[in-house]
Amino acid sequence: MKAMSNDRPQAVCATDFASIVGEENAVCLWENIELSQQKRIQQAIASEKFPSCIVYPRTQKQLAAVIAKAHTNNWRVLPCGSGSKLNWGGLAKGIDVVVSTERINQLIEHAVGDLTVTVEAGMKFSDLQALLAKSRQFLALDPTAPESATIGGIVATGDTGSLRQRYGSVRDQLLGITFVRADGEIAKAGGRVVKNVAGYDLMKLLTGSYGTLGFISQLTFRLYPLAEASGTVVLTGKAEAISQAADILRGSALTPVQADLLSNKLVSSLGLGEGLGLIARFQSISESVKEQSNRVLEVGQKLGLDGAIFADGDEANLWQRLQERIHTSATESVITCKIGVLPTAAVEILTQVELGLIHISSGLGLLQLESKNQVLKIRDACGGLRLRTQANRGFLTILSAPIAVKEQIDVWGYTGNALPLMRGIKEQFDSKNILSPGRFVGGI
């Protein structure tokens, strides 16, 4: 990575923010930031100048004041939580200051009887799940880096995993949102608001916006009760048979909470056998889990596939290893991409990559690719595989990659006609373009 320089007046910026947050270590100058955190920030920005400091407000009021100060001075802000997904998306441009919600992390309310929870954006996902588990409830998301990911970061990047098979996306879990506008004003939508203002559905708009429209500070989610029992079935074998098994599962009355197709290398690296894989998880009462798992095994047997059932500790270990394998890069040159195709095209895509996972119902998934040429090749394939109309075309976007790759090719690969609308929305929400500039589609 090339060396960076900074000729901006650091002390002025840091002193202004220190007067707001007021606590020791709440403003950290660039040279005092840990090297590992410096590296994460550098992977997120395009400029050859690094930010002057990172600011850690402790309350939503402090956060609003920090953003207001940045707005007044036209300082460009890179919002983050713990930084676990800071290297996702486009490269932010000309960042003056990084602002973290990591210390805005309180539980506001857990309405056990209503199955809802309200938390501040900086709370760690793993901490929230541990709190909810005491009441036999959980938030139905399975994000990347669950131990370090913050709730606000998960929403800002729209990050969920295989649980969307049963529970839907991040947007489907959200009931309310509070965020700080680019001018420092606090705004709310949904949740306990009596009536939303007419216009944009702000919860959906801010989800997956990568901090370009507002700084998420508080969120309210719907919850679900923990199931009595859980079991996972894995089928492995030839691509055609796996494709048939997926078609059967999609068209059946079975109700998996997670169901994914796995590439050859992913299957073998997890010690699950050879060929492509289909993994399906059931959670319900014990009798239902056992019956549904056995029915999937029978489908596999009729198609000549190998099958196995995982339960208890073995099951938990399997899903943890799967999560780690699909999200952990063997080398720094690996390019991690999010893919979206018609579910019927998933197997065909997976036969063209070494490491990949695609959800059987949504057609969304993750791939690890080796070069920008492979990215372009798979992106072209997503636009042509069994897709007859423009409306059904697939997509391939880069999440994480070496900076050189992100500078050479379009991270988002967007080919639709909504860019003028997106830019208009950005102008309305952030007319000075100070929030995550350049990180979203079309350089927004």
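User: Which helix gives the most to the lining of the second largest cavity, and what makes a residue count as lining?

Analyst: In this predicted model, helix α2 (residues 35-42) gives the most to that lining, with 3 residues. A residue counts as lining if it has an atom within 4 Å of a cavity point. Those that line the second largest cavity are Gln 37, Arg 40, Ile 41, Ile 54, Cys 80, Ser 82, Gly 83 and Leu 86. The space in the second largest cavity is about 30 Å³.

User: How is the lining of the second largest cavity divided by class?

Analyst: The lining of the second largest cavity has 4 nonpolar, 3 polar and 1 charged residues. Arg counts as charged, and Arg 40 is one of the lining residues.

User: What is the volume of the largest cavity, and which residues lie nearest its centre?

Analyst: The largest cavity has a volume of about 290 Å³. Its lining consists of 25 residues, of which Pro 79, Cys 80, Gly 81, Gly 153 and Ala 156 lie nearest the centre. Two or more lining residues come from each of β3 (77-80), α5 and β10 (215-222). The largest share, 4 residues, is that of α5. By class, the lining of the largest cavity has 11 nonpolar, 12 polar and 2 charged residues.

User: Why is the pair of Trp 30 and Phe 50 called stacked?

Analyst: Two values decide this. The ring centres of Trp 30 and Phe 50 are 4.6 Å apart and the planes make an angle of 10°. Rings pair if their centres lie within 6.5 Å, and planes under 30 degrees apart count as stacked. The pair of Trp 30 and Phe 50 is therefore a stacked one.

User: What makes this pair a tie between parts of the chain?

Analyst: Trp 30 lies in the loop between β1 (27-29) and α2, whereas Phe 50 lies in the loop between α2 and β2 (53-55), so the pair ties together parts that are 20 residues apart in sequence. Trp 30 is buried at 5% relative accessibility, and Phe 50 is buried at 11%.

User: Why is the pair of Phe 138 and Tyr 167 called edge-to-face?

Analyst: The centres of Phe 138 and Tyr 167 are 5.7 Å apart, with 85° between the planes. An angle over 60 degrees counts as edge-to-face, so the pair of Phe 138 and Tyr 167 takes that label. The pair links distant parts of the chain, as Phe 138 is in strand β7 and Tyr 167 in helix α6 (residues 164-167), 29 residues apart. Together with Tyr 224, these two residues form one aromatic cluster.

User: How do you know that Thr 144 is buried?

Analyst: The relative accessible area of Thr 144 is 10%. Thr 144 is placed in the loop between β7 (137-138) and α5 (151-156). Beyond its neighbours within four places in sequence, its contacts are Lys 85, Trp 88, Ala 149, Asp 159, Gln 323 and His 327.

User: Why is Ala 145 called partly exposed?

Analyst: Ala 145 has 29% relative accessibility. Most residues other than glycine have a negative phi.

User: How do you know that the buried residues of α16 lie on the same side?

Analyst: The buried residues of α16 (residues 419-429) are Leu 419, Ile 425, Lys 426 and Phe 429. They cover an arc of only 120° around the axis, which puts them on the same side of α16. The face turned away from this buried side carries the exposed residues Pro 420, Leu 421 and Gln 428. Cover for the buried residues of α16 includes β8 (174-180) and α8 (202-206).

User: Is Arg 58 buried, partly exposed or exposed?

Analyst: At 40% relative accessibility, Arg 58 counts as partly exposed. Arg 58 lies in the loop between β2 and α3 (60-73). Arg 58 and Ile 104 are 46 residues apart in sequence, yet their C-alpha atoms are 4.9 Å apart in space.

Technical notes: Residues are numbered from 1 along each chain as its sequence is written. This is a predicted model: local features need pLDDT of at least 70, side-chain atom pairs count only at pLDDT 80 or more; totals for chains, interfaces and linings use all residues. Side-chain values use heavy atoms; hydrogens and water are left out. Buried means under 20% relative accessible area, exposed over 50%, partly exposed in between (1.4 Å probe, protein chains only). The arc is that of the directions from the helix axis to the C-beta atoms. Contact means heavy atoms within 4.5 Å. On a 1 Å grid over the protein atoms alone, a cavity is a set of points where a 1.4 Å probe fits but cannot get out, and a pocket is an open set with protein on both sides within 12 Å along at least five of seven lines; lining residues have an atom within 4 Å of a point. Grid points are joined across faces, edges and corners, and a volume is the space filled by probe spheres set on the points. Rings of Phe, Tyr and Trp (its six-membered ring) pair if their centres lie within 6.5 Å; planes under 30 degrees apart count as stacked, over 60 as edge-to-face and the rest as tilted.
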